[in-house]
Structures are given as C-alpha cells and as structure tokens.
Amino acid sequence: MNDSKQRPNLPLLGFAAYSGTGKTTLLEALLPLLTQAGLKVGVLKHAHHDFDVDKPGKDSYRLRKAGANQMLIASRNRHVLMTETPEAEAEFDYLLTRFDSAKLDLILVEGCKNIAFPKIELNRHEVGKPWLYPNDNNIIAIAADTHVESPLPQISINDLDSIRDFVIQYAADFKFDTNSQADASNFTQPNDDSNKTQSCSEKKTSEPIVCCDSFSPAGLSVPQGQQKILETISNVSLTEKVAINQAYGRVLASDIVSPINVPQHTNSAMDGYAIRGDDLDRESYTIVAEVMAGHSFDEELQTGQAVKIMTGAPTPLSADTVVMREQAIEKDGLVSFPEAKISNGQNVRMAGEDLSIGQPVFTAGTRIEAPEMGMMASLGFGECSVRRQVKVGIFSTGDEVQDPGNAQQPNSIYDSNRYTIMGMLQKLGCEIVDYGIIEDDEQKMMAVLHSASLETDMVLTSGGVSVGDADYIKLALDKLGEINFWRINMRPGRPLAYGKIENKPFFGLPGNPVAVMVSFINFVEPAIRKLQGQLDWVPVKANAIATEQLRSRQGRTEFSRGFFTMNESGVLEVKTTGKQGSGILRSMSEANCLIEISPSVDTVKVGEKVTIIPLQGRI
Ligand code: AMP
Ligand code: MG
C-alpha cells in the first residue's frame with residue numbers, strides 16, 4: 001500500500017496506552033460528549049489480530065470469499081468498504097485518506113502507538129506499565145490517575161468532562177491549511193517518501209509535533225550523534241589524477257562532462273536492412289552494400305535501394321529506417337518485407353541520443369563504481385580527477401587483547417575488532433595504518449594517539465570507552481584533545497568517544513565486537529564518506545515483515561542482527577540470527593541486515609513492519 005497521501009486537513013489526536021488501560025472504554029464514554037458538543041468525529045482503530053467485520057453466510061462475505069478484493073456494501077443507513085490487504089498492512093497515512101474529511105471535524109486514533117502524531121497518554125497505576133511520555137515527544141498531554149513531574153498538561157483519567165474539554169480545545173486550536181480544502185481529492189503526493197516506514201526518526205515537516213530527538217536526557221539519539229559528528233567533518237582537500245582502471249571506489253573531485261556524442265554516429269539498433277524513410281511502400285529493394293559494425297557505407301542511399309546492416313553500424317546518409325532481419329526475405333540481390341509494418345525512422349539510434357557533447361554526466365562527489373568506470377571509459381577518458389585516498393589509523397586497546405597467530409595466553413582474548421574494522425575500511429577504499437594493540441598504559445596510549453593523529457586523516461580505536469571504566473585511553477584522550485564521551489541511546493554500541501586530536505577526527509569505539517561493527521556502520525562510515533568527499537550519501541533501508549517477535553526497549557534504537565528473504569508474494573520478511581549478545585560476532589557473520597527498531601517501539605510483533613538496513617556491500 002504505497003500510495004500514502006498527505007494527512008487530512010483535520011485535527012488528529014491519538015490515545016496511547018498499554019493494553020489493559022481501557023482506551024476503548026474511555027473513547028466509548030468520550031464520543032457521546034464530543035458529539036453532544038457538535039463535533040463530527042472519525043475514529044481510526046488499529047487491531048493487532050486478524051479481525052473481520054463481516055459475518056459468514058452474508059452476501060458480502062460470500063462475494064469476498066469468492067474473490068472480491070474490495071467489497072463495498074451499502075444500504076440506507078451506512079456503507080462499508082472492506083479491502084483485502086494480503087501483501088502488507090496499509091500505511092497509517094494511507095488509512096487516514098480513507099476518511100471523508102469534508103464531513104468530519106476531528107479524527108481520533110486508538111492504537112498506532114509507534115507512529116508519530118499528537119497523542120494523549122492514558123495511564124492507570126494499577127496496570128503497572130511504564131510511562132510513554134518520557135520517550136515519545138508526540139505525547140501532548142497525560143490522562144492518568146497519578147501525578148507525574150512533567151510540563152505536559154495533566155488530566156485525571158476519570159474526569160471525562162476535562163478530557164472532553166481538552167479535546168475540544170485541541171480541535172479548536174488546530175490550524176487548518178487554508179490552501180487545501182478538506183477534501184480527500186485535494187491531497188497532494190509527498191515528495192516520493194510514500195515508501196518509507198513511519199519511523200520516529202524521520203521528521204515530517206507537515207506534522208505539528210516532531211518526535212524523538214532526545215529520548216533520554218542522559219544520552220544522544222542515533223541521528224543526534226550522527227549529526228554532531230558530521231558537522232565537524234570536512235572533506236580532504238587534496239585531489240589527484242588516477243587512471244580509470246585504478247579509479248574504483250574513489251570519489252570524483254570534479255564534474256564529468258561528455259566530450260563526445262554517444263552514440264558517435266546515427267546507427268542501426270538491429271541486424272537488418274536500412275532503407276529510406278520516404279521510400280517505404282516498395283515491393284522490393286536492391287541491396288547495394290553490406291555494412292558491418294565498425295565500418296560504413298559512405299554514399300547516400302537512393303530510393304529503391306537498401307543496405308544490409310548490422311547492429312551498431314552507422315546508417316548511410318538518408319537511410320534512416322531499419323527493418324529487422326527476421327521480417328526480411330532476401331533473394332537474388334533483392335530484399336522484400338512482405339509482412340512488416342514499417343514506420344519511418346524505426347530501429348535507428350540517433351547520434352548523441354544517450355549523451356550529447358557538453359552534457360553533464362557525473363558531478364564531483366560521486367563515488368566511482370563499476371557503471372561510472374564504464375561510463376567514463378565510454379566517453380574516452382583515460383584518467384579522472386579524484387580526492388586523495390583517506391588514511392585511517394587504527395589500534396586496539398586492552399591488556400587482555402592478544403594478536404592472533406600465536407598460542408593463546410592465559411586470561412586473554414584474540415583481537416577481532418581491528419580486523420573487522422580493517423575489513424570495513426577496505427570496503428570504503430581507505431588506506432589503513434595499523435598501530436596494533438596498545439596495552440592499558442596512559443603514556444603509551446598518548447604517544448600512539450598523538451603520532452597516529454599526525455600521520456593519518458582519522459584515528460579509530462576500540463575498547464576502553466565504557467562509561468564508568470577506569471580505562472587509560474580516557475585519561476590519555478583527556479590530555480590530548482577535545483573528546484566527548486557520549487552515551488548513545490542504542491544497543492549495541494552505547495558508549496562512543498568522539499572528538500578531534502590534532503584537528504583530526506577521533507573515534508573511540510566500544511570494545512564489544514558487535515558493538516564495534518554497529519557503531520562503525522552508524523557513525524564511522526558516514527563520517528568517512530564525508531571525509532572522502534562523497535556527497536549526499538544515505539544508507540539503503542527497506543521495510544520487512546517480522547516473522548518473529550522482536551524485543552527492544554523504549555528510548556533506544558535497537559539494532560538486531562537479521563536475515564531477510566523475499567517470500568513467494570514478493571514481500572520482504574525478516575528474522576533475527578538468534579542470540580543477540582554484543583560479543584557474539586557470529587551474529588554479524590550470519591546476518592544480511594540490521595533490524596532497526598526505533599526508540600518509540602518496545603516490541604515488534606509477528607506480522608508487523610520493521611526497518612531493515614541491508615549489509616551487502618557494507619561489511
Ligand atoms: P572494554 O570496553 O574495553 O571494557 O571492552 C568491552 C569488551 O570488549 C571486553 O569484554 C573486552 O575484552 C572486549 N574487547 C575489547 N577489545 C577487543 C578487541 N580488540 N577484540 C575483541 N574483543 C575486545
Ligand atoms: Mg578494555
């Protein structure tokens with residue numbers, strides 16, 4: 001269901017609560033109060049189970065079962081449209097467009113707790129569930145039976161008149177968009193974001209409330225961390241020329257403009273016979289030449305003549321129409337096309353049709369991959385101007401960390417982090433300077449950090465940044481530069497040190513092997529791409545249906561290791577790779593994606609949609 005539209009030009013208000021709080025009961029009591037006040041109210045309710053409003057045996061039921069994908073049943077008092085969505089659940093925004101908003105004053109929503117729109121949180125102490133408001137900036141008021149420390153308006157959950165007054169005031173304060181009539185037919189398509197999930201990290205400018213930039217005051221959200229890092233990074237300024245066959249993975253330093261026409265000459269798109277477009281109705285044509293690719297026939301074609309021509313061969317002057325060989329009968333030097341319907345100009349590719357001289361091809365900041373190499377070669381470039389390769393210094397920290405290749409020492413673990421980091425840096429085309437393993441010694445750390453910062457463009461370490469750790473790298477970092485020790489509201493990968501030493505970006509990644517990779521993917525990779533000069537890079541994300549229940553905790557982004565596949569209906573499905581401990585590196589090796597569960601979600605149920613980040617090409 002991809003045709004989600006802009007939201008109706010109507011006040012929209014949800015009631016968010018855990019089950020057992022009595023949302024439906026409250027709405028049932030509230031609706032008469034609102035209608036008595038003269039409001040026409042639409043209600044959207046999300047059900048987790050597979051409901052059916054129809055009754056077995058009824059005509060509409062029988063017609064649906066017989067195959068009606070949409071079933072509209074109408075009578076004097078009501079009509080109902082039932083739409084089957086076997087492929088995927090309809091998007092929230094799409095469902096809103098189903099309302100006849102011209103006939104409503106307000107839409108209330110029950111459920112849809114994880115979607116960003118204004119809500120009242122309902123909470124009853126006896127239900128024993130955590131509060132939603134600290135983790136969801138979409139909550140604009142609280143209706144509860146206890147009082148909390150919060151600047152939000154608070155109403156007693158048992159005081160229906162006050163809840164009614166709040167809702168009426170909310171509807172009265174709603175700023176209608178005067179450019180849009182309250183009519184579903186006037187909704188405009190958003191800028192091609194119809195395919196995205198309603199994840200809280202995506203800001204929608206049209207929304208009155210923008211959510212979840214700071215879930216926990218103690219930590220940073222993933223986008224906040226990313227933004228703070230990217231703000232401090234500028235690309236390497238030096239450029240160099242490289243041969244096209246050495247250009248893979250590099251980033252263009254200047255625009256590429258086509259120096260030639262592609263194709264160079266007007267040519268045949270088929271193996272066949274070229275004739276004149278003003279000479280189509282003849283019974284047969286005299287074959288005057290045969291033109292192979294790479295050759296030409298340099299005379300103007302006369303009426304009554306044809307040339308036998310191969311795909312890609314230049315069409316002779318005036319031979320502007322090609323009939324494919326399968327439609328031709330050739331005999332005694334003559335060719336005829338008894339069955340062919342020929343139109344003037346068919347099967348001919350015009351000179352400059354793909355690219356003409358002076359046309360822009362690639363802009364500076366484009367990463368050169370196979371198609372770009374091929375394109376530049378096709379334009380005759382032997383070399384191109386690229387940004388200098390980024391040099392990254394890496395080392396591991398910890399007395400317990402041992403280099404592989406020797407017998408294992410007592411109380412030690414082999415260093416895996418440096419190797420996963422090397423692999424990911426290689427994917428990004430970086431030059432790697434390996435400083436090995438540095439033991440937990442402040443002086444040694446300082447010496448290596450300092451020289452690595454002078455010798456490279458960026459320094460990456462792993463281990464020793466956990467909050468509360470008495471690790472030496474922190475002491476060293478404190479003396480060397482401006483390093484922030486952040487707690488990112490994510491799992492795995494909560495601790496992250498970031499700052500500059502000798503004006504070079506420094507990342508202190510966590511020690512746990514999975515956390516290292518997840519932090520690298522989320523923070524280091526975007527930073528390196530920016531340093532390399534790549535413009536406008538965003539990671540590929542997609543939606544998939546969870547085939548198992550996924551647990552998370554509200555307030556942090558959960559990155560589970562997942563495996564996605566396409567089912568027989570062409571829909572992506574995802575499950576985890578099993579145990580998710582942040583030390584279990586195997587989970588990364590078995591995964592083909594990360595499952596990203598947004599901070600506003602605590603549990604993803606089977607059948608619900610989640611965001612996945614495919615890992616192919618990235619790790
Ligand atoms: P730390 O943050 O230094 O306390 O490290 C957290 C966990 O990650 C500890 O169990 C470390 O032993 C482990 N660890 C740290 N560095 C590495 C490494 N280079 N390779 C594998 N595991 C590591
Ligand atoms: Mg350590």
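**Working chat on the model**

Q: Where does L334 lie?
A: L334 lies in strand β17. Keep in mind that this is a predicted model.

Q: Is L334 buried, partly exposed or exposed?
A: L334 has a relative accessibility of 36%, so it counts as partly exposed.

Q: What about P492, where is that?
A: P492 is in the loop between β27 (490-491) and β28 (495-501).

Q: Which peptide bond at P263 is cis?
A: The one from V262 to P263, again with omega near -5 degrees. P263 sits in the loop between β10 (256-257) and β11 (267-268).

Q: Switching to the ligand. How many residues surround ligand 1?
A: There are 17, and the closest are E400, D415, N417, G464 and G511.

Q: How do the residues of that shell divide into nonpolar, polar and charged?
A: 4 are nonpolar, 10 are polar and 3 are charged.

Q: Which strands each supply at least two residues of the shell?
A: β21 (391-397) and β23 (413-414) do.

Q: What does S466 do at ligand 1?
A: A polar side-chain atom of S466 lies 3.2 Å from an oxygen atom of ligand 1. With G511 the backbone is involved: one of its N or O atoms is 3.1 Å from an oxygen atom of the ligand. S416 also uses a polar backbone atom, which is 3.1 Å from a nitrogen atom of ligand 1.

Q: And what share of the ligand does the protein bury?
A: The protein buries 78% of the 480 Å² that ligand 1 exposes when taken alone.

Q: New topic, rings. How many aromatic pairs are there?
A: The count is 6. One of them is Y285 with F337, a tilted pair at 5.7 Å centre to centre and 40 degrees between the planes.

Q: Why does that pair tie together parts that are apart in sequence?
A: Y285 is in strand β13 (residues 285-291), while F337 is in the loop between β17 (334-336) and β18 (348-349), so the pair joins parts 52 residues apart in sequence.

Q: Are Y285 and F337 buried or exposed?
A: Y285 and F337 are both buried.

Q: Why is the pair of Y498 and F507 called tilted?
A: Its planes are at 55 degrees, so the pair is tilted, and the ring centres are 4.8 Å apart. Y498 and F507 are buried too.

Q: Which residues do ring pairs link into a cluster?
A: Y273, Y285 and F337.

Q: What sits over the ring of F117?
A: The charged end of K119 does, 4.9 Å from the ring centre.

Q: Back to the backbone. What is the phi of S318?
A: S318 has a positive phi of about 75 degrees, although S318 is not a glycine. Its place is the loop between β14 (305-309) and β15 (321-324), and at 25% relative accessibility S318 counts as partly exposed.

Q: Then N411, what is its phi?
A: N411, also not a glycine, has a positive phi of about 60 degrees. N411 is in the loop between β22 (401-402) and β23.

Q: Buried or exposed there?
A: N411 counts as exposed, at 76% relative accessibility.

Q: Last one: where is L594?
A: L594 is in strand β34 (residues 593-597). L594 is buried, with a relative accessible area of 0%.

Notes. Residues are numbered from 1 along each chain as its sequence is written. Chains are lettered from A and ligands numbered from 1 in the order in which they are written. This is a predicted model: local features need pLDDT of at least 70, side-chain atom pairs count only at pLDDT 80 or more; totals for chains, interfaces and linings use all residues. Side-chain values use heavy atoms; hydrogens and water are left out. A residue is near a molecule or strand if one of its heavy atoms lies within 4 Å of it. A polar contact is a pair of N or O atoms within 3.5 Å; within protein, one must be able to donate a hydrogen and the other to accept it, and residues adjacent in sequence count only if both atoms are side-chain atoms. Accessible areas come from the Shrake-Rupley method with a 1.4 Å probe; for residues, only the protein chains shown count as cover. Helices (H or I, at least four residues) and strands (E, at least two) are DSSP runs, numbered from the N terminus. Ala, Val, Leu, Ile, Met, Phe, Trp, Tyr, Cys and Pro count as nonpolar, Asp, Glu, Lys and Arg as charged, and the others, Gly among them, as polar. Rings of Phe, Tyr and Trp (its six-membered ring) pair if their centres lie within 6.5 Å; planes under 30 degrees apart count as stacked, over 60 as edge-to-face and the rest as tilted. Buried means under 20% relative accessible area, exposed over 50%, partly exposed in between (1.4 Å probe, protein chains only). A charge sits over a ring if NZ of Lys or CZ of Arg is within 6 Å of the ring centre and within 35 degrees of the ring normal.
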